[in-house]
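The exercises below are meant to be worked with the sequence and the coordinates side by side. Try each task before reading its solution.

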Amino acid sequence: MLDLLLKNATLPDGRVGMSIAVRGEKIVEVSAGLDAPAHKVVDAQGLLVSPPFVDAHFHMDATLSYGLPRVNQSGTLLEGIALWGELKPLLTQEALMERALTYCDWAVANGLLAIRSHVDVCDPRLLAVEALLEVKRMVAPYLDVQLVAFPQDGVLRGPRGPMQHMDNLKRALSMGVDVVGGIPHFERTDEEGSRSIRLLCELAAEQGKPVDMHCDESDDPLSRHVETLAFETRRLGLQGRVTGSHLTSMHSMDNYYVSKLLPLMAEAQLQVVANPLINITLQGRHDTYPKRRGMTRVPELLAAGINVAFGHDCVMDPWYSLGSGDMLEVAHMGLHVAQMTSQTAMRQCFEAVTVNPARVLGLPGYGLESGCSADFVLLQARDPVEAIRLRATRLKVFRRGKLLAESPAAISQLHLSGRPTQTSLMLPEKKRFYVRQHTDEFLTSP
Ligand code: FE2
């Protein structure tokens with residue numbers, strides 16, 4: 001007897017009429033048309049069932065603090081950092097945890113079941129570290145949180161000497177923070193930026209931790225810390241364990257230089273996180289016109305065989321006033337900014353908020369295969385492209401075989417003479433044929 005049978009599902013790879021059989025917390029079979037006795041049966045009615053959304057880059061210590069103590073007037077990264085500096089002395093553990101837990105509720109409602117969050121370690125009290133470690137423990141039954149020790153003010157820029165923030169960062173790791181962070185472009189000089197990368201990668205190698213650095217988050221075409229990050233990754237044998245986040249300077253770099261850089265990044269097996277909503281908002285602020293988009297070169301990185309994920313980065317904080325934990329909104333923006341409009345590229349944008357960030361986090365048991373954890377989301381869409389187009393409603397969210405959240409289908413009642421009485425904004429089945437035919441050319445599985 002199965003515990004759960006989800007049937008008549010469409011999978012992200014295009015397979016239709018699929019059943020997902022669950023026993024306990026695991027998927028035990030995925031096959032077409034399977035019907036077997038189960039304690040609970042869910043008919044997906046041909047709609048898309050996806051593995052959960054994953055956010056590879058977030059700041060849970062700052063989330064939902066918008067307006068505290070004031071809003072960012074210039075809209076720049078630098079004013080955001082200054083504003084966060086004004087807020088830090090006012091933070092309390094209770095308020096931090098309350099905001100983070102509220103955000104985790106939003107995440108679950110949106111089918112977002114794993115988040116890598118940076119946590120600022122520059123405040124010697126490590127109040128945010130303590131708060132987010134507690135939140136991580138509290139949400140563990142329903143949401144995976146991975147924490148990155150992030151020296152927001154520069155790891156070598158401590159007011160009491162260059163090792164002050166490094167010491168805080170090491171303390172955070174010893175308290176249970178999972179990943180070594182950094183911000184080389186915000187150190188005092190380029191040389192100090194390179195030195196910070198070397199020291200932080202050496203620390204990660206020593207402690208067997210992954211690395212995830214904010215890197216080259218500027219419009220400066222000569223900000224090239226990602227090159228150093230790739231070099232140190234290889235030198236220390238950290239291939240596959242290092243992530244470069246943002247990399248927005250790559251948008252403005254010379255094309256010849258990028259043609260040399262991409263193979264170096266691939267050789268080091270660097271993983272990349274672009275943050276479309278935030279990059280398009282914060283970058284290009286010093287331009288008049290034309291204004292640069294500021295996001296890193298996503299299609300070119302993918303073509304070089306590099307794993308690229310899209311992160312949310314911020315929701316209602318000193319850097320960004322909007323957002324709701326909806327990774328389909330992130331994919332929607334990424335698709336537009338990178339002009340990833342072919343069928344293949346739009347599907348890659350869906351992967352950039354599901355399987356690709358799962359690889360960045362190294363999530364065990366992720367996926368819709370026998371033996372994987374029974375974690376999945378039923379979407380009000382028939383394929384990944386429609387899911388992005390509609391930022392589709394998450395009808396049901398399952399984790400370890402248990403229902404965590406559900407939302408009513410988005411349907412508008414129409415009061416028009418001679419027209420249907422309702423619409424869901426989904427393409428009617430009979431008009432879908434041409435899309436399917438066109439799409440099938442790109443599917444890996446029939
Ligand atoms: Fe960030």
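**Exercise 1.** In the loop between which two elements does glutamine 269 lie, and is this residue buried, exposed or partly exposed?

*Solution.* This is a predicted model, in which local features need pLDDT of at least 70 and side-chain atom pairs count only at pLDDT 80 or more, whereas totals for chains, interfaces and linings use all residues. Residues are numbered from 1 along each chain as its sequence is written. Helices (H or I, at least four residues) and strands (E, at least two) are DSSP runs, numbered from the N terminus. With these elements marked, glutamine 269 is placed in the loop between α8 (255-267) and β12 (271-274). Its phi is positive, about 50°, although glutamine 269 is not a glycine. For burial, one counts the other C-beta atoms, placed from the backbone, within 10 Å of a residue's own: 20 or more make it buried, 12 or fewer exposed, and values in between partly exposed. Glutamine 269 has 17 C-beta neighbours inside 10 Å and therefore counts as partly exposed.

**Exercise 2.** Which residues of α4 are buried, and against which elements do they pack?

*Solution.* Helix α4 (residues 164-175) has 12 residues and reaches 17 Å from its first C-alpha to its last, close to the 16 Å expected at 1.5 Å a residue, the expected span being 1.5 Å times one less than the number of residues. The buried residues of α4 are His165, Asn168, Leu169, Ala172 and Leu173. They cover an arc of only 140° around the axis (taken from the directions from the helix axis to the C-beta atoms), which puts them on the same side of α4. An α-helix has 3.6 residues a turn, so residues three or four places apart point the same way. The buried residues of α4 pack against α3 (127-139), β8 (144-150) and α5 (190-207), with contact meaning C-beta atoms, placed from the backbone, within 7 Å. After α4 comes glycine 176, whose phi is positive, near 125°.

**Exercise 3.** Which residue pairs are joined by a cis peptide bond, including the one with proline 69 and the one with proline 290?

*Solution.* Leucine 68 and proline 69 are joined by a cis peptide bond with omega about -10°, and proline 69 lies in the loop between β6 (53-58) and α1 (77-87). Tyrosine 289 and proline 290 are likewise joined by a cis peptide bond, with omega about -5°.

Notes: Two residues are in contact if their C-beta atoms, placed from the backbone, lie within 7 Å.
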